[in-house]
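Subject: Structure handover

Hello,

Here is the structure I promised you. Please open it and keep it on screen while you read my notes below.

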Amino acid sequence: MSNPQQLRYSKEHEWLSAVEDGVATVGITEHAANALGDIVFVQLPEVGDTLTAGETCGELESTKSVSDLYSPVSGEVVEANQDVVDDPALVNSAPFEGGWLFKVRLADEPKDLLTADEYTEFSGS
């Protein structure tokens, strides 16, 4: 699977959707999901949490390891995906669709995010 062109990517392997009404959706890439293996637990930021770009905001636990989740942008969490909390395997099976993690109201314009082609080159995926 290729990385969707309309998304932007962080070097920590998170993706960010296009901003609509000041809000963007965040998830992890298929590359990251595959590297982690079967995800069995997801800890997401809570609605109302203030995030800082590049800082940890949760974690993903797989059968192989525990990995920090980083926010690709600064802003306030407006929604967390309860479906992935209830069924963490969604992150593996649909990382760009139903396996999204949270939505954030951006505090400022995203910086240092990669295009799909740049991320593909960076990650080798």
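Predicted model: local features only at pLDDT ≥ 70, side-chain atom pairs only at ≥ 80, totals over all residues.

Start with the strands. In general, strands of a sheet pair through backbone hydrogen bonds, either parallel or antiparallel. Leu51 stands opposite Gly75 in β8.

Phe102

Now find Phe102 in strand β9. Is Phe102 buried or exposed? Its relative accessible area is 0%, so Phe102 is buried. Beyond its neighbours within four places in sequence, Phe102 is in contact with several residues, including Ala24, Val26, Pro45, Leu51, Cys57 and Val77. Leu44 is 58 residues away from Phe102 along the chain, yet their C-alpha atoms are separated by 7.4 Å.

The aromatic rings

How many aromatic pairs does a search of the whole structure find? It finds three. One of them is formed by Trp15 and Phe96. Their ring centres are 6.1 Å apart, with 45° between the planes, and the pair is tilted. This pair links distant parts of the chain. Trp15 is in strand β2 (residues 14-16), while Phe96 is in the loop between α3 (90-93) and β9 (102-106). They are 81 residues apart. Trp15 counts as buried because its relative accessibility is 3%. Phe96, at 11%, also counts as buried.

Tyr119 and Phe122 form another tilted pair, at 6.3 Å centre to centre and 45° between the planes. Both lie in helix α4 (residues 116-123). They are three residues apart, about one turn of the helix. Tyr119 has 0% relative accessibility, so Tyr119 counts as buried. Phe122 is at 40%, so Phe122 counts as partly exposed.

Lys103 lies over the face of Trp100, at 5.1 Å from the ring centre.

Best wishes

Conventions
Residues numbered from 1 in each chain as written. Heavy atoms only, no water. Phe/Tyr/Trp six-rings, centres within 6.5 Å; stacked < 30°, edge-to-face > 60°. Helix = DSSP H or I, 4+ residues; strand = E, 2+ residues; numbered from the N terminus. Buried < 20%, exposed > 50% of the residue type's maximum accessible area, 1.4 Å probe, protein only. Lys NZ or Arg CZ within 6 Å of the ring centre and 35° of its normal. Pairing = 2+ DSSP bridges. Contact = heavy atoms within 4.5 Å.
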